[in-house]
Each structure stands twice: as structure tokens, then as C-alpha cells.
Amino acid sequence: MRSLLEVENLTKIYNQDKRNQVIAIEDVDFRVSEREIVGLLGPNGAGKTTTIKCISGLIRQDAGKVRVNGYDVEENQEKVQENIGTVLEGNRNIYWRLTPVENMEFFLELGGKLAGSGREKIGELIRRFDLEDKKNTPVRELSRGMKQKVALGSALIKDPKLLVLDEPTLGLDVEASKELQRTLTSIVEKEKRAVLLSSHQMDVVQNISERAVILDQGKVVVDKEVAELLDDFKVQGYLLKFEKQLKETTAEKLQNDFEVLELSNGEVPSAKIAFQQPEGIYQLMDFLKGHGVTISSIETEGQNLEEVFLKTIKRKEQRGVKEK
Ligand SMILES: Nc1ncnc2c1ncn2[C@@H]1O[C@H](COP(=O)(O)OP(=O)(O)OP(=O)(O)O)[C@@H](O)[C@H]1O
Ligand SMILES: [Mg+2]
């Protein structure tokens, strides 16, 4: 399928001064094809915003290439702007002194399409994002969620082939977040478009993305189908409390033989243990029995995708594995 976004070996180094360089991203490489929604994930400081700023031409990379719908970001900025709609962190892509309608008009004019259908489009987006009451109020007087909606509307107004969104659901209430997810899904399904979105909200990514690109410390550590990733994350976790402190040798062996996420061997001795297969719990029971450990309570641990996701990143890093 045709790539609407090609990111090739992208590297960006921020120079605070000669001695103080930050390699924000290094050799970042991935594609987004038409009809695809790709989630760009990673912990704070991983390089998501930097990647998005390079893609939308806001900052210049130090090495590598970005092509949007085939146009090179460095060589053909004008064509790139016709083909991309961007929502930046904190809605910095819109003008806070202008009203929602004025913002959308401004972005339409940039695309040269204000006449006729353009006006209708503005009305439609104002309605879709529930902004009718505020359509003539300066954006700076709107709530954070409303600002986010204006930013989205302004990115969508040109009907761009590629939508790039940095934390688009941040500050939206549940209903608005759902509505946005529906909007994005319908955009890529009906038309030959694509979306790249960064998010810390794993449920959003899980709901709408087909593929996830995970950055960690400026590098791509995972580029995988979300369904496959979720399978990897399918971990059953238990929190066990013990009657007495574990002997040091037992605690050590426990950590060697099982996937111990947390161990506290103080006043209330406990361990959080994960299993790739649910049957693992039987082996643990045998182990504890064999070492004379009495359990005072056992609970299953609620699934926290974000937590498991961050742990997976750490494990990968320790092993130095790069998955493709
Ligand atoms: N203007 C800048 N000058 C210097 N360093 C910067 C600048 N912007 C970002 N960085 C550094 O680059 C790295 C990547 O930052 P970036 O903002 O891209 O991360 P992020 O993945 O978007 O994080 P978050 O989840 O917190 O939004 C960090 O180490 C950050 O400190
Ligand atoms: Mg960011």
C-alpha cells in the first residue's frame, strides 16, 4: 500500500551550547500507509514531539528524510503543508487571539479554499465539535478541551491526506475523546488518508490504532501491530503477601526463577509477580511450599497496560533487543 508518511533514519540533536547536546531522536525509521492509524508511543522525553515537529517541518532534522505523500519536507515545504494537518502539544498550532471560526478560516485560506464549500466545512466542524456557543469567542477564553477541539478542527479543515496529532485527547472529556476517536476512524476508513498520533492514553491507541511505533530514549524499540503487542502484554499478575519475611536465599531464588515485578521484604513482606501463562501460578505455589513460605493473602493485580508497556520497554532495553 502507498505510504503517506515516510520517516527515514531521522536524527535531531538539540544544541543548548557546544558542550550541552541532547540527541533527542536517532535513526528513527517508520512508515504510515494510507488508511492506517499509527500510534506513536513512548515515555516522557522519548522523542515523540521532536519526531512530530520534524515531520511537520517546524524544526529541521540533523540527518535523515521525511516525505509526506511523497514530498520531501526539506525540499518541498509548500506541498507538504497542503498534505498535512498537525495538532501540536498544547494546541500551539492555533491562534489564541482569534475565534474558532477565524482560526478555521485562516487555515482554509492557507489552503486557498475559503469560498463556498469551505464555509460549509467550517460550519460542519463547529457543529461536530460542539463549538456553536463559542464559535465567535477568542480561543484564549475557551477551556482546554475546547481549545483542543479548535486545534483539531483547524487541522481537519484542509482535508489533509495525513493528520499528525501530538496528544490529541489530552484535556478532552470522555465523550469528546470518543467522538474524536470515531472521527479519526471514519476519516481513514472512508478516504485514503492516514493518521499518526502520539498518546500516553493507551486505551485510545488500543481502540483505534492498527500499529504502534514505540520510542524510547530517541530510538524505535518496537514497530508492531497493536493486536500482536497486546498479545505480548497478556500478562497475568498476582500480589502475594507472606506471613513472615523471606530468607535472603529464598528471596534471591524467587527473583531468579520468576518474573518478580516488585519485592518488599520488610514489615509486610509481599511480592508482585507476573506470569506469561496463567498456569505459572502452580509452579509458584510449589516453589513457596518447597521453601516453607506461608502465604497470608493473594490477589490478582488489575491490568494496567501503561505499566506493563513501560516495563516491556525497560526489559527490551536491558536486553538490547530491537523488534521489528
Ligand atoms: N527545545 C529543546 N531544546 C533542548 N532539548 C530539547 C528541546 N525539546 C526537547 N528536548 C529534549 O529532547 C528529548 C525528547 O523530547 P520530546 O519533547 O521530543 O519528548 P516526548 O516524547 O514528546 O515527551 P513527552 O511525553 O514528555 O511529551 C528530551 O530529552 C528533551 O529534553
Ligand atoms: Mg511530547
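Visitor: Which residue in E7 is the bridge partner of Val87?

Guide: The bridge partner of Val87 in E7 is Leu165. This is a predicted model, where local features need pLDDT of at least 70 and side-chain atom pairs count only at pLDDT 80 or more, while totals for chains, interfaces and linings use all residues. Residues are numbered from 1 along each chain as its sequence is written, and chains are lettered from A and ligands numbered from 1 in the order in which they are written.

Visitor: How many bridges join E6 to E7, and do they run parallel or antiparallel?

Guide: Four bridges join E6 to strand E7 (residues 162-166), and the two run parallel. Helices (H or I, at least four residues) and strands (E, at least two) are DSSP runs, numbered from the N terminus, and two strands pair if DSSP finds at least two bridges between them.

Visitor: What is the strand order of the sheet with E6 in it?

Guide: The order is E6-E7-E8-E3-E9-E10, an open sheet of six strands with mixed pairing. E6 and strand E10 (219-225) are its edge strands, each pairing on one side only. Neighbouring strands of this sheet are turned by 15° against each other on average, direction ignored; axes are lines fitted to C-alpha atoms, for helices over the stretch in contact, and angles run from 0 to 180 degrees between N-to-C directions.

Visitor: Back to E6: why does Thr86 count as buried?

Guide: Thr86, which is found in strand E6 (residues 84-87), counts as buried because it has 23 C-beta neighbours inside 10 Å. A residue is buried if 20 or more other C-beta atoms lie within 10 Å of its own, exposed if 12 or fewer, and partly exposed in between, with C-beta atoms placed from the backbone.

Visitor: And which residues does Thr86 touch?

Guide: Not counting residues up to four places away in sequence, Thr86 touches Ser56, Asn93, Ala155 and Val164, where contact requires that the C-beta atoms, placed from the backbone, lie within 7 Å. Helix H5 (residues 144-156) lies across E6 and E7, and runs at about 170° to E6.

Visitor: What about E9, why is it largely enclosed?

Guide: Six of the six residues of E9 are buried, so the strand is largely enclosed by the rest of the structure. Both faces are covered, with Arg211, Val213 and Leu215 buried on one side and Ala212, Ile214 and Asp216 on the other. Four bridges join E9 to E3, running parallel, whereas the six bridges between E9 and E10 join strands that run antiparallel.

Visitor: How many residues lie between E9 and E10 in their hairpin?

Guide: There are two residues between them, and Gln217 in the turn has a positive phi of about 45°. Arg211 stands opposite Glu225 in E10, and Arg211 is also the bridge partner of Val38.

Visitor: New topic: which residues surround ligand 1?

Guide: Ligand 1 is surrounded by Tyr14, Gln16, Val22, Ala24, Gly42, Asn44, Gly45, Ala46, Gly47, Lys48, Thr49 and Thr50; a residue counts as near a molecule or strand if its C-beta atom, placed from the backbone, lies within 6 Å of it. Strand E1 (3-17), strand E2 (20-33) and H1 are the elements that give two or more residues to this shell, and H1 gives the most, with three residues.

Visitor: How many of them are nonpolar, polar and charged?

Guide: The shell has four nonpolar, seven polar and one charged residues. Here Ala, Val, Leu, Ile, Met, Phe, Trp, Tyr, Cys and Pro count as nonpolar, Asp, Glu, Lys and Arg as charged, and the others, Gly among them, as polar.

Visitor: Which strands does H1 lie across?

Guide: Helix H1 (residues 48-55) lies across strand E3 (37-41), E7, strand E8 (194-198) and strand E9 (211-216), and runs at about 150° to E7.

Visitor: And which sheet are E1 and E2 in?

Guide: E1 and E2 belong to an open sheet of four strands in the order E2-E1-E4-E5, with antiparallel pairing. E2 and strand E5 (71-72) stand at its edges, each with a single partner strand, so one side of each is left without a neighbour in the sheet. H1 packs on this sheet as well, touching E1, E2 and strand E4 (63-68), and its direction makes about 115° with that of E1.

Visitor: Last one: which residues touch the most other members of the largest nonpolar core?

Guide: Of the 64 residues in that core, Leu5, Ile55, Val68, Leu162, Val164, Val195 and Leu196 touch the most other members, and H5 gives the most residues to this core, with six. A nonpolar core is a set of buried Ala, Val, Leu, Ile, Met, Phe, Trp, Tyr and Cys residues joined through C-beta atoms within 7 Å.

Notes. Two residues are in contact if their C-beta atoms, placed from the backbone, lie within 7 Å.
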